Amino acid sequence: MKLFLIYCIIFSLSRIVSLQEETGKIKNKVDSKSPTKKQETLPPCQACRMLANSFKKGMERTSRGKFEGGDALWEESRLGTYADSEIRLVEIQEKLCSEEEKAFDQCHHLAEEHEALLEEWWFKSKASYPDIFYFLCIDKLLVCCPENHFGSDCKPCLGGLVNPCNGHGQCKGGGTRKGSGLCRCDLGYTGELCEKCKVGYYNDTSVNGSWQCTKCDVSCKGHCREAGPKGCEVCADGYYYSIELGCVDSNECLVNPCKYGTFCVNTVGSYHCVECDKSCDDCRGDGPDMCEKCAKGYTYQEPLCIETKSWQRSLHVEVARYATYIGLCIATCIILRRNFYIASLIGLLVGVYIGLSEYTVGDWDKRSVIKSVRSLSTL
């Protein structure tokens with residue numbers, strides 16, 4: 001008998017030390033949480049649910065536990081099974097709320113305040129209340145209601161317990177001791193039981209009889225009968241009705257509703273006006289190549305309106321380049337009269353120089369002599 005008592009004392013002390021170490025780890029973890037989140041306050045039902053869920057997590061965490069050391073069968077026969085033991089309950093309680101990121105203080109205070117109820121459920125009511133949430137939050141603390149119930153008396157939500165609000169909304173206060181029980185319909189639904197579609201939505205029924213409210217096509221104004229532009233009852237502004245296609249986008253830019261100095265851009269169901277490029281006095285589109293008339297200080301050089309100074313500078317550079325080519329050719333001809341071989345070599349080098357210069361400058365067809373002559377004729 002003395003050996004048995006000594007063994008029980010040693011076992012209890014080892015469990016206490018183990019629990020203290022775990023408590024220290026939890027405390028360090030809790031201290032690292034955001035103080036603001038720790039001090040948040042949740043509604044009574046939500047706080048109680050959080051405590052119940054934390055207790056369930058503790059049961060899952062200790063579900064495979066057992067007495068440690070010695071003869072496990074002898075311990076269970078003397079001290080009872082670990083699954084229903086006080087030791088397991090203490091292990092669960094030590095870590096309650098430790099994993100909660102917010103409202104930790106509220107959860108921890110709730111656990112301490114109702115420790116007796118937790119023990120009552122653990123030792124006496126677990127069989128009749130398999131879910132601790134129902135025992136603690138619904139029957140004892142009276143802060144929650146069963147699913148799809150509301151109010152202080154836990155009345156059924158509108159539309160029945162199985163499918164309240166026709167499955168297209170939420171019961172106000174559902175699952176709590178508050179609220180009106182009325183339906184808060186999802187987007188696109190209306191009616192007391194969310195049984196109808198709002199304006200701009202149509203009833204889309206599947207082959208199995210289920211239905212949902214689907215948004216009408218953007219080309220529809222108000223109600224529609226089905227999906228797409230053909231389902232519109234009335235076309236939206238900026239659309240016209242076609243027997244074959246339904247509501248079709250109107251191209252307002254065909255009549256150019258924009259003021260002088262701007263151009264029209266057609267958009268779905270509408271249009272907007274955009275300022276012309278700075279090189280244009282008026283235009284038919286974006287960019288210096290879409291000018292109807294060049295702005296002051298710009299000159300038309302196919303196909304662009306370019307700045308006059310820039311165009312003149314470009315022309316002067318082009319004339320100077322060709323003058324250089326001509327000077328090199330004349331110099332080669334003068335040398336030719338004195339020495340044919342030297343002149344041939346210099347002529348070859350001049351030809352290579354001219355070819356590389358033109359290749360470097362750019363497009364041969366756009367920088368041709370003919371175009372330069374045409375440019376000079378416009379001066």
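Which residue does Cys157 form a disulfide with? The partner is Cys171, with the two sulfur atoms 2.1 Å apart; a disulfide here is a pair of cysteine sulfur atoms within 2.5 Å. The model is a predicted one, where local features need pLDDT of at least 70 and side-chain atom pairs count only at pLDDT 80 or more, while totals for chains, interfaces and linings use all residues. Residues are numbered from 1 along each chain as its sequence is written, and side-chain values use heavy atoms, leaving out hydrogens and water.

By the disulfide rule, the count comes to 16. The Cys157 and Cys171 link is left-handed, at -80 degrees about the S-S bond. Cys157 sits in the loop between strand E2 (155–156) and strand E3 (169–171), and Cys171 in strand E3, so the link joins distant parts of the chain, 14 residues apart; strands (E, at least two residues) and helices (H or I, at least four) are DSSP runs, numbered from the N terminus. Cys157 counts as buried because its relative accessibility is 4%, and Cys171 is buried too, at 14%. Buried means under 20% relative accessible area, exposed over 50%, and partly exposed in between (1.4 Å probe, protein chains only).

Another disulfide joins Cys280 to Cys291, S to S 1.7 Å. This link of Cys280 and Cys291 is left-handed as well, with -65 degrees about the S-S bond. Cys280 lies in strand E13 (residues 280–283) and Cys291 in strand E14 (residues 291–294), so the pair ties together parts 11 residues apart in sequence. Both Cys280 and Cys291 are buried.

Then there is Leu349, found in helix H10 (residues 340–361). Leu349 counts as exposed because its relative accessibility is 53%.
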